[in-house]
Amino acid sequence: MTVPTTYDPGCDTAPDEFASAADAAEHITEHCLHDGPVGQVGLEVEAHSFDLADPRRRPDWGEVTDAIAGVGALPGGSRITVEPGGAVELSGPPADGSVAAIAAMTSDRAVLRTAFAQRGLGLVLVGADPLRRPRRVNPGGRYSAMEAFFTASGTGAAGAFMMTSTASIQLNLDAGPRRGWADRVRLAHALGPTMIAATANSPLLAGRFSGWQSSRQWVWGELDEARCGPVLGASGDDPASDWARYALRAPVMLVHNPEPVPVTDWVPFAEWADGQTLLGGRRPTRSDLEYHLTTLFPPVRPRRWLEIRYLDAVSDALWPAVAFTLTTLLDDPAAADIAAEATESVATAWDRAARIGLGDRRLHAAALRCVETAAERAPAAVMESMQQLVRSVEEGRSPADDFADRAVAYGIGPAVRQLAKGES
């Protein structure tokens with residue numbers, strides 16, 4: 001569907017189409033971050049769906065959607081969606097602070113688990129599917145087009161694992177006042193390796209130990225940097241411009257014509273906007289640009305707010321502490337200063353954090369300083385979870401170590417079944 005053309009600077013564009021890449025860049029920089037106070041928190045929690053009787057079998061699309069159909073409106077207001085491999089995501093509405101967001105998500109998780117258990121299904125919070133090979137069950141056209149794009153770009157295997165075998169907890173936090181954007185976005189990135197090391201929870205992938213504490217992070221690292229690498233530029237002084245530059249350099253994954261059609265040639269969005277290559281016989285519209293941005297998966301993604309995407313899914317006992325810690329380290333000015341100093345030496349240690357986690361001395365020191373800082377500010381509602389996180393980090397253990405011990409003691413299948421049934 002990619003049709004190369006010769007660019008004619010004098011050609012007209014349709015009213016809603018961009019006239020140039022510069023126009024697209026201006027649109028991104030004007031809309032990617034919202035200037036305002038901090039305090040709103042949104043949570044998204046993904047969990048792998050398993051058959052309680054046979055955890056090696058992946059529930060099909062009908063089974064998962066039938067279970068969801070019986071849930072009804074959730075008390076915390078979360079929206080339910082299904083990922084390509086059948087993982088189920090709860091996306092909570094913005095709440096005033098992390099404690100309110102955690103309480104709402106906790107109640108929604110309880111309702112969803114009960115509904116799935118009544119159908120013989122369990123929801124497991126781990127960063128990567130420890131048991132099954134990748135397989136897509138969601139029939140959506142977006143995901144079919146994504147598969148074709150990844151195959152054409154030479155990352156078909158990593159793309160399949162990413163789409164169908166990974167799960168995370170994501171935080172959505174306000175961008176904050178414009179004057180503080182640069183420091184805030186830099187810190188959100190700098191915290192990445194430290195938080196990955198402390199909360200890694202995917203030592204197995206498709207039935208084998210991968211050699212990584214966070215197999216999820218390893219999988220994402222196997223995809224192209226233009227789509228999944230960090231956004232920050234050399235200085236990080238202008239995150240809006242950094243995001244515009246990143247988005248324009250990234251290749252277009254699919255075009256709606258009107259159904260999603262994969263772009264199997266490497267066409268940066270800037271090339272499409274400048275008219276050097278026409279996709280679908282036209283230049284991109286604002287709608288095309290907004291959709292393109294949803295196909296970019298950096299660890300921190302600007303969406304007017306900051307979407308923090310680098311955390312493995314962790315247990316119901318632990319994710320409240322993880323959410324509270326990261327929110328506190330970014331939203332509390334004194335805690336943010338401590339976190340910036342603590343993570344300075346490991347701010348770019350993404351691979352090391354994913355591979356050996358808290359086994360790295362500097363990452364361990366940074367993680368301990370960060371979680372202790374958050375624990376000092378924790379209210380009673382999250383104190384039990386925070387104490388568990390602090391103990392784990394003090395011992396130099398991540399959730400990956402606990403799951404690995406369980407898998408060795410009982411076998412991978414039985415370990416998954418225990419988690420699916422909610423056994424501690």
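The structure holds zero disulfides, a disulfide being a pair of cysteine sulfur atoms within 2.5 Å. C228 is in no disulfide, and the nearest cysteine sulfur, that of C32, is 19 Å away. The relative accessible area of C228 is 11%, so this residue is buried; buried means under 20% relative accessible area, exposed over 50%, and partly exposed in between, with a 1.4 Å probe and protein chains only. C370 is likewise buried, at 1%.

The model is predicted: local features need pLDDT of at least 70, side-chain atom pairs count only at pLDDT 80 or more, and totals for chains, interfaces and linings use all residues. Residues are numbered from 1 along each chain as its sequence is written, and side-chain values use heavy atoms, with hydrogens and water left out.

Helices (H or I, at least four residues) and strands (E, at least two) are DSSP runs numbered from the N terminus. Two packed helices are described by the angle between their axes and the distance between the axes. Axes are lines fitted to C-alpha atoms, for helices over the stretch in contact, and angles run from 0 to 180 degrees between N-to-C directions.

Helix α6 (residues 181-199) packs on helix α12 (residues 319-331) at about 150°, the axes lying 10 Å apart. The two helices are therefore roughly antiparallel, a class for angles over 145 degrees, whereas those under 35 count as roughly parallel, 65 to 115 as roughly perpendicular and the rest as oblique. The α6 side of the contact (heavy atoms within 4.5 Å) consists of R184, L187, A188, L191, M195 and T199, which meet V322, T325, L326, L329, L330 and D331 of α12. Eight of these residues are nonpolar, two polar and two charged; Ala, Val, Leu, Ile, Met, Phe, Trp, Tyr, Cys and Pro count as nonpolar, Asp, Glu, Lys and Arg as charged, and the others, Gly among them, as polar.

Helix α12 also meets helix α13 (residues 333-343), with axes that come within 5 Å and cross at roughly 100°. This pair is therefore roughly perpendicular. T328, L329, L330 and D331 of α12 make the contact with P333, A335, A336 and A339 of α13, giving six nonpolar, one polar and one charged residues.

The axes of α13 and helix α15 (residues 361-375) come within 9 Å and cross at roughly 170°, so α13 and α15 are roughly antiparallel. From α13, the contact involves A335, I338, A339, E341, A342 and T343; from α15, A366, R369, C370 and T373. By class, six are nonpolar, two polar and two charged.

Helix α5 (residues 156-165) is largely enclosed by the rest of the structure, because seven of its 10 residues are buried. These are A158, G159, F161, M162, M163, T164 and S165. The buried residues of α5 pack against β2 (40-51), α4 (141-152), β8 (204-205) and α7 (215-221).

R249 lies in helix α9 (residues 239-249) and counts as exposed at 58% relative accessibility. A317 is found in the loop between β14 (306-312) and α12 and counts as partly exposed, at 38% relative accessibility. With residues up to four places away in sequence not counted, A317 touches S385 and Q388. A separation of 9.4 Å is found between the C-alpha atoms of A317 and S424, which are 107 residues apart along the chain.
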